[in-house]
Amino acid sequence: MTEGKIRRLPEELIAKIAAGEVVERPASVVKELVENALDAMAKSIDVRLEAGGLRTIEVRDDGIGMTPADAKLAIERHATSKISSEDDLFAVRTLGFRGEALPSIAAVSRLTLRTRPADANEGFRFSVEGPKVVAEEPTAMPQGTWITAADLFFNTPARRKFMKSERSELGACAQIVSRLALARPDVEFRVNHQDRSLLDFPRASQARRAADVLGERVEDKLLKLDHEEGPLKVGGFAGSPLLHWPNSAGLYLYVNGRYFRDRVLVHAVCDAFSQAIPPGRFPIGVLMLDIDPKLVDVNVHPQKIEVRFRDTSEIYRVVRTATLEALGPRLFSPSPLAPGAEVTPAPPAPSLPLLHHASVPQAPTFAGPAADANAPVASDATSMGSTDRVSPTSPQGMESALLPVVLGQVRNTFILCEGPQGLLVIDQHTAHERVLFEKLKGQLQNGGVTHQALLMPEIFKAAPQEAVILHELIPMLDGAGMDIEPMGSAFAIKSIPSGLNVPHAESFLRDLLREWSDAPGDKTGDPREHLLDLIACRAAVKAGDELNPAELESLVAQTYSSPSAYTCPHGRPVLLEWTFDALEKAFKRK
C-alpha cells in the first residue's frame, strides 16, 4: 500500500502561513496593534519605530490592560474577547476581532508583551516565540499594554526581500496611523522614528484632526456632512470645491469607525462634486458612515480594508445625496442624471486612416529666448503674468512652409491645423507636456534644471506621509529646479524651475508629491526623469485652457521642433493626422 500524499503541516509552518494573511509589511503590524489599543479604550497611543518598522515596532497604550492569564491567551490563535458566538461575526463594532493579530505577528518577529490592568499593583512582561510564551516576569509599568515586535520577518527572509525602502515603509506606517487618527479625534496619537517625532496628534475636534492629517489649511474650508435615512447616517466633512487633489487619496471612508476602500462610494462623492470642481480632479473629505452592523460585512478581506454592504446602490444614493446637501449653493448646477440613469452614447465619428509618423514634416530644433535663471519671480498668481503659459518662440531660419497653419482651438482642448499633406489635430496638454519635458531633460543632462527664485519663499505645511516622501525627494527636487528647505514640520519653497507657469508653488509641490506617492517604489527607468515628467505634466496647459492665437502658434511650432513629438512622456498621443486623400475618400470625392 502506497504512502498517502496528504499530511499535516507542522504547527510552526501553519502559524507562518496564517501570519501571511495578516502581516504583509510593518504597516500591517502597526495597524493591528493600534486597532487593539483603540478597542482597549486607550486615550493615548505611542508608536515607536526603527528602520521604518523593520527593526522595531513598539506600540504603547493606556487602555484597560490584561491579566497575566488573558495575556497568555491573547497569544494563541483564534483567542479573542470580542466574539463569543456566530451571531457576533455579523454585528461587529470593534476594530480587531478575529484573534489572529498577536499570534501572527509573533510568528514572524521577536515579540514582547507588557501589560497591567487597572486593579493590579504591577504589570507582567512576556517573551513570545511563535505561538508560545517562553518567559514571563513581573515588571513596573503604568496601566495599559506595551507590545514590541522586533526584527520583522527575521525567520522568513524571502518575504523580507520584498520590503521597500525604509522611507517607503515608514510612509506606509504614518499613513495607517493617520487613517486611524481621523476616526478617533478623542484619542492622542504620537509616532516617533529613530527617537524623532514624526506625528503628534493631540486630542481635538474632528475638523481640527482632519486639518492635521490632510496637511492643508482646511479647517475653515470643510463642509459638514449630516444626513440620515433609515438605518444609515452619513457624517464627517467634505472639502470645499476650492480644495481638490489629482487623485482620490484625500477622500477617507469609514463605516462604524473602520477605515475602508470602496470605488463605488468614491464615485458617489465625485459625482456630487462633478459640477463644482475641474475635470480630472478629486474632492477631499472624511466620510463617516454609521449603519446597523448586520447590514455590512467587515470580514471579507484579510486586512479588513474592504467591506460588503447588503444594498450598495442604496448606500451610493444616500452618500451622494448627503454630499449634495453639504455642497448646497456652492454647487454650480445640479447633476442632470439620477443615479442609475442611462446615457445615450453619441454616434461614433467616421473612421479615417492615420498617417504614419514618417509623413509628418520634420523641422529643425529651435528654442525661445533663454530665461534668466537668477531672476526672482513672484509667488502669487497676480504677479506671474510675465511667465506665459506657452513660451513665445522665434523660429528664425525655419521654413514657414514646413509648419502647419493653425486654424483654431476646439473645445479649448485641441488645436486644429492644416498641414502640407492633411488635417492635424493636436492635444494641447500632451503637446505642451512633451515640450516642457524635453526642455527640462536637456537641462538635467547639462548639469541640472535652472532655478528661478521666488520673491518670497512659500511655506508648505506637509501632511505626515507627504513629509516622509519630501525629505527623501529634496536632493532630486533640487536637481529638478526646486530649492526646498525643511523648517521643523514645514518646508520653505525658495525656487521653481525657470520658465514654468506656476502661480502657486505650494499647490504645485503638493500635487507632485501626491502623484509621486501613488507607487514610488514601482517606477521603472530613471526616477529623475519620472520626476521631470510629473513637473512637466503639472506645469503644462490643461484641457479647457483658452489660448490666444500667439500661444497656439508658439505651441505648434515648439511641438514640431521636439525630437519626440508624437507622444507625451507617458505614452499618450500628441497629434493625429489625416491626409487630404483620406478626407476626400471619406466624403466620397474619390
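An axis here is a line fitted to C-alpha atoms, for helices over the stretch in contact, and angles run from 0 to 180 degrees between N-to-C directions. On the α12 side the contact is made by Phe508, Asp511, Leu512, Glu515 and Trp516. On the α13 side it is made by Pro527, His530, Leu531, Leu534, Ile535, Arg538 and Ala539. Contact means heavy atoms within 4.5 Å.

Before going on, some ground rules. This is a predicted model, in which local features need pLDDT of at least 70 and side-chain atom pairs count only at pLDDT 80 or more, while totals for chains, interfaces and linings use all residues. Residues are numbered from 1 along each chain as its sequence is written, and side-chain values use heavy atoms, with hydrogens and water left out.

**The whole chain**

The protein chain has 15 helices and 25 strands. Helices (H or I, at least four residues) and strands (E, at least two) are DSSP runs, numbered from the N terminus. Of the 590 residues in the chain, 50% are buried. Buried means under 20% relative accessible area, exposed means over 50%, and partly exposed is in between, with a 1.4 Å probe and protein chains only. Take the contacts between residues at least 6 apart in sequence: 71% of them join residues at least 24 apart.

**Back to α13**

How far apart are the end C-alpha atoms of α13? They are 18 Å apart, which agrees with the 18 Å that its 13 residues, 527–539, should span at 1.5 Å a residue. The expected span is 1.5 Å times one less than the number of residues. α12 has 12 residues and reaches 16 Å from first C-alpha to last, close to the 16 Å expected.

Both helices are mostly covered. In α13, 10 of the 13 residues are buried, and in α12, 11 of the 12 are. The buried residues of α13 include His530, Leu531 and Leu532; those of α12 include Phe508, Leu509 and Trp516. What do the buried residues of α13 pack against? They pack against α10 (428–445), α11 (464–479), β24 (490–497) and α12 (505–516).

At the N-terminal end of α13 there is a cap: a side-chain oxygen of aspartate 526 lies 2.9 Å from the backbone nitrogen of arginine 528.

Next, α10. The axes of α10 and α13 come within 8 Å and cross at roughly 140°. That makes α10 oblique to α13. The contact involves residues of α10 including His429, Leu436 and Leu444, and residues of α13 including Arg528, Leu532 and Ala539. α10 passes α13 in a right-handed crossing.

**A few single residues**

Arginine 411 sits in the loop between β19 (405–410) and β20 (414–418). Its phi is near 55°, a positive value in a residue other than glycine. Is arginine 411 buried or exposed? At 75% relative accessibility, arginine 411 counts as exposed.

Threonine 413 is in the loop between β19 and β20, but at 14% relative accessibility it counts as buried. A polar atom of the threonine 413 side chain lies 2.9 Å from the backbone oxygen of arginine 411. A polar atom of that side chain also lies 3.5 Å from the backbone nitrogen of glycine 544. Beyond its neighbours within four places in sequence, threonine 413 is in contact with Ile426, Asp427, Gln428, Ala543 and Gly544.

Methionine 41 lies in the loop between α2 (26–39) and β1 (44–50). Its phi is near 65°, again positive in a residue other than glycine, and methionine 41 is exposed, with a relative accessible area of 56%.

Last, proline 26, in helix α2. At 0% relative accessibility, proline 26 counts as buried. Proline 26 and glycine 53 are 27 residues apart in sequence and 5.3 Å apart in space, C-alpha to C-alpha. Leaving aside neighbours within four places in sequence, the contacts of proline 26 include Gly53, Leu54, Leu152 and Cys173.

Notes:
Polar contact = N/O pair within 3.5 Å; in protein donor to acceptor, adjacent residues only side chain to side chain. Parallel < 35°, antiparallel > 145°, perpendicular 65-115°, else oblique. Left-handed = near helix turned anticlockwise from the far one by under 90°.
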